[in-house]
Each structure stands twice: as C-alpha cells, then as structure tokens.
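Please look over the sequence and the structure below. The report that follows takes up a few places in turn.

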Amino acid sequence: SKQKINPFFTFFLLSLTSAVEDKASLCSKFQERRFWSAVKLLSNVLLWDGVVQEDTVRDLGLSKLLNRYLLLNLLNTPPGPDNIEKCNKVVACLPERWFQELKSGSTLPELQNFCQHLLR
C-alpha cells in the first residue's frame, strides 16, 4: 500500500534542496566550510601513516571521514570545476605508498565508492 507523503514534508525537502544548491545561501556556505574542514582533517589524519598502524589510519581516514562525510558532499556537488577541485584535494591527501603494490586498474577496498564517483 502506498503511503501519502505529507505536503509539508515535500515542501521542506524542496526548500532544503534549493537552499543547498544556492551557493549564496547560508546552508550552502556551511556545507562548503564543513567539507573543507573535513578535507583538512583527512589530510592531518593521513599524515599519521607510518607512525600509527596503517589499518587504524585507513579506517579513520578512509572508512570514516572519506566514505561517511566527504563522499556525501561530493555526490551532491554538481559535475564541474567545483567537484573536480574537491576530488583533486582528496586525492592529494592519499599516501602514495598505499598504491605502490596495487595492480593496474585496482584500488584499495576503502576507495571503491570514491573511485566509482570519479568514473561518473
């Protein structure tokens, strides 16, 4: 059985979506600040690679920060220069040594969703 969607809820979702899409809105500016703060945190966490166990760094940096917070923002950023800049900054944080042993065309398991986003 289909449930009716409350008209207020529909209005709320449409208002929220338009507020995030409008770059001048406070909501959009907040999302941008939150994204760049999370990128800075990702960069700092990944600097601990080689000092702290790799599994711990990958879990915190990739599984938690990238896949839970950053990727959501990237998926909601329209394709174009802003999205490319964001993706480049995330990639720049990743330690190169994590990729030295990988075969061509493969990636770390924690980066599967990010790679799918890059291929879109």
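## Asn83

Where is the place of Asn83? In this predicted model, Asn83 belongs to helix α4, which covers residues 81-93. Asn83 counts as buried because its relative accessibility is 7%, and buried means under 20%.

The side chain of Asn83 also makes a polar contact: the backbone oxygen of Thr77 lies 2.8 Å away from that side chain. Apart from neighbours within four places in sequence, the residues in contact with Asn83 are Leu74, Thr77, Pro78 and His117.

## Helix α2

Helix α2 runs over residues 26-46 and has 21 residues. At 1.5 Å a residue the helix should span 30 Å, and the C-alpha atoms at its ends are 30 Å apart, so the two values agree.

Which residues of α2 are buried? They are Ser28, Phe35, Ala38, Val39, Leu42, Val45 and Leu46.

## Cysteines

How many disulfides does a search of the whole structure find? The search finds zero.

Cys93 has a relative accessible area of 14%, so Cys93 is buried. For Cys115 the relative accessible area is 24%, which means that Cys115 is partly exposed.

Conventions: Residues are numbered from 1 along each chain as its sequence is written. This is a predicted model: local features need pLDDT of at least 70, side-chain atom pairs count only at pLDDT 80 or more; totals for chains, interfaces and linings use all residues. Side-chain values use heavy atoms; hydrogens and water are left out. Helices (H or I, at least four residues) and strands (E, at least two) are DSSP runs, numbered from the N terminus. Buried means under 20% relative accessible area, exposed over 50%, partly exposed in between (1.4 Å probe, protein chains only). A polar contact is a pair of N or O atoms within 3.5 Å; within protein, one must be able to donate a hydrogen and the other to accept it, and residues adjacent in sequence count only if both atoms are side-chain atoms. Contact means heavy atoms within 4.5 Å. The expected span of a helix is 1.5 Å times one less than its number of residues. A disulfide is a pair of cysteine sulfur atoms within 2.5 Å.
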